[in-house]
Amino acid sequence: MVCAPASGQVCAIFPTGHAVGIRREDGVEVLLHIGIDTVNMKGDGFDVKVGEGALVRVGDPLVKVDLDKVQTAGYQTTIMLLITNASAIGGELADIHVGPVEARGPIFSYTSGGPWV
């Protein structure tokens with residue numbers, strides 16, 4: 001299960017379920033991209049659990065992914081977290097650490113400290 005790394009409103013869901021965007025209350029837009037080139041799976045193995053416009057909290061389920069199916073299809077299971085509007089909000093982003101990310105239950109925790117919310 002891929003869960004929300006930030007609280008906010010779901011602002012985009014790619015039709016194949018491999019990418020979900022969340023807009024935090026402070027305007028920061030976060031894009032979760034599940035796998036590399038998984039768009040080519042055309043939704044097979046991805047079960048979206050939220051709708052566009054839904055309000056989510058850190059840890060809420062977003063997409064159930066069959067990682068075995070993704071790997072069997074020959075794709076990497078890397079999950080990327082991208083900030084899509086960094087230049088639009090200007091300045092430095094609070095609560096973000098660039099570097100390795102470690103999983104902590106269903107929530108991602110950055111190496112600099114507690115969960116990013």
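Strands here are DSSP runs of E, at least two residues long, numbered from the N terminus. All the views below come from a predicted model.

**View 1. The five-stranded sheet.** Here's the whole open sheet, with its strands in the order β6-β2-β3-β4-β8 and antiparallel pairing. β6 (55-56) and β8 sit at the edges, each pairing on one side only.

View 2. Zoom in on β2 (residues 8-13), which pairs with β6 in the antiparallel sense over two bridges. Look for Q9, standing opposite L55 in β6.

**View 3. The β3-β4 hairpin.** β3 spans residues 19-23 and β4 spans residues 29-34; the two are antiparallel partners, joined over five bridges. R23 has E29 in β4 as its bridge partner. Five residues lie between the strands of this hairpin, and G27 takes a positive phi near 95°.

View 4. Is R24 buried or exposed? It counts as buried because its relative accessible area is 6%, and the cut-off for buried is under 20%. The side chain of R24 also makes a polar contact with the side chain of D26, at 2.5 Å.

Methods. Residues are numbered from 1 along each chain as its sequence is written. This is a predicted model: local features need pLDDT of at least 70, side-chain atom pairs count only at pLDDT 80 or more; totals for chains, interfaces and linings use all residues. Side-chain values use heavy atoms; hydrogens and water are left out. Two strands pair if DSSP finds at least two bridges between them. Helices (H or I, at least four residues) and strands (E, at least two) are DSSP runs, numbered from the N terminus. Buried means under 20% relative accessible area, exposed over 50%, partly exposed in between (1.4 Å probe, protein chains only). A polar contact is a pair of N or O atoms within 3.5 Å; within protein, one must be able to donate a hydrogen and the other to accept it, and residues adjacent in sequence count only if both atoms are side-chain atoms.
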